[in-house]
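Here is a short briefing on one protein model. Look over the sequence and the structure first, then read the points below.

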Amino acid sequence: MAEYQEYLTFAIDLAKKAGEMIKDGQAKRFSHDSSLDIKANAIDLVTEVDQAVEAFISKTISGKYPSHKFIGEETYAAEGKMELTDEFTWIVDPIDGTTNPMVGCSIGLAHKRVPVVGVIMMPFMNQLYSARTGGGAFLNETTLLPLTGRPQPLESLQECTISFEWGSDRSKATMDPKLASVSRLAGDTAMGGAMVHGIRSTGASTAALVSVAAGGIDVYWDAGPYAWDVCAGIVIVQEAGGYFTGSAEDFEKGDTHIGDIMMNRRYCCIRAIAPTANESGPEKQKRIIGDLYKSKPKSNPVRAYG
């Protein structure tokens, strides 16, 4: 654990510097109309800031820990390679939510295919979320998560505020099952819906994940993000008492390795929940996730995601 603390301290410092680069770079882009490349369509954008931030993070990591592996969004876009091994592997999204004020820089570290360190810097919100395995999760290094101080009650799927993202693939094949899922979750019980309390879209996986850890969102459910979108968030959610799982099939199996879940691009997590006399917090978490998966259509293909 002491070794993980060293990596966490390093990642926090790295995230702070990357956050300053993001703020400076975005200000320059908007002021001087610097180049803007289209990734998939107008919904999914990338600037030279993404590439510069990832290059900075990658170079700094390799300089400090030359034996460590690296997986990054921009590196993958250029090389098309992504392999998770037992070796120490940094998994990074330099800018998640490119055109979103809730933009997050996500720096995660996996060891033996398990996320063990996570830092998410949200520079425009002046928020830094951090965690390491066994060390708790924090906002701005001092405030323990969840922000309520202790887990709050949550009894049913109907009480949940759920976050998910629309993604960049808006084709009929992707949108039909996603819209059907929203209808089933939000719809009145008379029409077979779960009638959840609310549905949100933050515009970034990192923003949704830290909101779950903080207790502001009850459930985050999505299909399509990559390992770099969730690696850091997995640690932060888990250390805040949340439960993180994968697809409906992974959830039902119950023994899928977290490394496989992280690489499989189907995710669901739920915040920490206060126990009751008849049911523990983890039991409630699994029951509610089970109810969510029962409410969705059987077909829900992976969508393109930035």
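This is a predicted model: local features need pLDDT of at least 70, side-chain atom pairs count only at pLDDT 80 or more; totals for chains, interfaces and linings use all residues.

Residues are numbered from 1 along each chain as its sequence is written, and side-chain values use heavy atoms, with hydrogens and water left out.

- Helices (H or I, at least four residues) and strands (E, at least two) are DSSP runs, numbered from the N terminus.
- Two strands pair if DSSP finds at least two bridges between them.
- Strands of a sheet pair through backbone hydrogen bonds, either parallel or antiparallel.
- Five strands make an open sheet here, in the order S11-S10-S12-S14-S13, and the pairing is mixed.
- Strand S11 (198-200) and strand S13 (243-245) stand at the edges. Each has a single partner strand, so one side of each lacks a neighbour in the sheet.
- From one strand to the next, the twist averages 15 degrees.
- Axes are lines fitted to C-alpha atoms, for helices over the stretch in contact, and angles run from 0 to 180 degrees between N-to-C directions.
- Strand S10 (residues 161-163) pairs with S11 in the parallel sense, over three bridges.
- Helix H5 (residues 205-214) lies across S10, strand S12 (219-223), S13 and strand S14 (266-270). Helix H5 runs at about 150 degrees to S12.

- Is strand S4 buried or exposed? Strand S4 (residues 89-96) is mostly covered, with eight of its eight residues buried.
- Buried means under 20% relative accessible area, exposed over 50%, and partly exposed in between (1.4 Å probe, protein chains only).
- Strand S3 (residues 69-72) pairs with S4 in the parallel sense over four bridges. Gly72 stands opposite Val92 in S4.
- Strand S5 (residues 104-111) runs antiparallel to S4, and six bridges join the two. Ile91 stands opposite Gly108 in S5.

**Aromatic rings**

- Rings of Phe, Tyr and Trp (its six-membered ring) pair if their centres lie within 6.5 Å. Planes under 30 degrees apart count as stacked, over 60 as edge-to-face and the rest as tilted.
- How many aromatic pairs does the structure hold? There are 14.
- Tyr226 and Trp228 form a stacked pair, 4.6 Å centre to centre and with 15 degrees between the planes.
- Tyr226 is buried at 14% relative accessible area, and Trp228 is buried at 2%.
- Phe251 and Tyr293 form a tilted pair, 6.1 Å centre to centre and with 40 degrees between the planes.
- Phe251 lies in helix H7 (residues 248-253) and Tyr293 in helix H9 (residues 281-295), so this pair ties together parts that are 42 residues apart in sequence.
- Phe251 is buried at 17% relative accessibility, and Tyr293 is buried at 10%.
- Ring pairs also link Tyr7, Phe10, Tyr65, Phe88 and Trp90 into a cluster.
- The charged end of Arg265 sits over the ring of Tyr226, 3.8 Å from its centre. A charge sits over a ring if NZ of Lys or CZ of Arg is within 6 Å of the ring centre and within 35 degrees of the ring normal.

**Two residues up close**

- Contact means heavy atoms within 4.5 Å.
- Ser211 is found in helix H5 and is buried at 17% relative accessibility.
- Leaving out residues up to four places away in sequence, Ser211 touches Gly216 and Ile217.
- Tyr243 is part of strand S13 and is buried, with a relative accessible area of 19%.
- Leaving out residues up to four places away in sequence, Tyr243 touches Val237, Phe251, Cys268, Cys269, Ile270, Gln285, Lys286 and Ile289.
- Tyr243 and Lys286 are 43 residues apart along the chain, and 8.0 Å separates their C-alpha atoms.

**Cysteines**

- A disulfide is a covalent bond between the sulfur atoms of two cysteines. The cut-off used here is a pair of cysteine sulfur atoms within 2.5 Å.
- How many disulfides does the structure hold? The count is zero.
- Cys269 is in no disulfide, and the nearest cysteine sulfur, that of Cys268, is 6.6 Å away.
- Cys269 is buried at 0% relative accessibility. Cys105 is buried at 0% relative accessibility.
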